[in-house]
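Morning, everyone. Please have a look at the chain on the screen, and I'll walk you through it.

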Amino acid sequence: MIRQEEYICKNGIRQIHTYSDEGFYILQKETNIKYAEAYDNIPVQYNYVETDEKIEEEQ
């Protein structure tokens, strides 16, 4: 499931942190770019959907 949490940067800019709590990539619908996680400034301009592709751990 996609999770979104508000995040405040050290410089005070408010952002939304978007990620999959199941370990899947998320897809930015407007650009069709795949991410492991995303940070967007508020107000958010992008929407995300969870893919069925599991994020592989680096070794």
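**The sheet and its surroundings**

Let's start with the open sheet. Three strands make it up, in the order β1-β2-β5, and their pairing is antiparallel. Why does one side of β1 and of β5 lack a neighbour in the sheet? Both stand at the edges, β1 at 2-8 and β5 at 37-41, and each has a single partner strand, so one side stays without a neighbour. Neighbouring strands here are turned against each other by 25 degrees on average, ignoring direction. Keep in mind that this is a predicted model.

Now look at one pairing. Strand β2 covers residues 14-20, and five bridges join β2 to β5. The two run antiparallel. Take Thr 18: its bridge partner in β5 is Ala 38.

Next, the whole chain. How many helices and strands are there? Zero helices, six strands. Along the sequence, that reads β-β-β-β-β-β. The C-alpha atoms fill a box of roughly 35 × 30 × 20 Å along the principal axes.

On to burial. The chain has 59 residues, and 19% of them are buried. The accessible surface is about 4700 Å². Carbon and sulfur atoms hold 45% of that surface.

Contacts, briefly. Take those with a separation of 6 or more: 36% of them link residues 24 or more positions apart.

Last, the rings. Which ring does the charged end of Lys 34 sit over? That of Tyr 25, at 4.9 Å from the ring centre. Lys 54 has its charged end over the ring of Phe 24, 4.7 Å from the centre. The count of aromatic pairs comes to one.

Definitions and conventions: Residues numbered from 1 in each chain as written. Predicted model: local features only at pLDDT ≥ 70, side-chain atom pairs only at ≥ 80, totals over all residues. Heavy atoms only, no water. Pairing = 2+ DSSP bridges. Helix = DSSP H or I, 4+ residues; strand = E, 2+ residues; numbered from the N terminus. Axes fitted to C-alpha atoms, helices over the stretch in contact; angles between N-to-C directions. Phe/Tyr/Trp six-rings, centres within 6.5 Å; stacked < 30°, edge-to-face > 60°. Lys NZ or Arg CZ within 6 Å of the ring centre and 35° of its normal. Buried < 20%, exposed > 50% of the residue type's maximum accessible area, 1.4 Å probe, protein only. Contact = heavy atoms within 4.5 Å. Areas by Shrake-Rupley, 256 points an atom, 1.4 Å probe, with all protein chains shown as cover.
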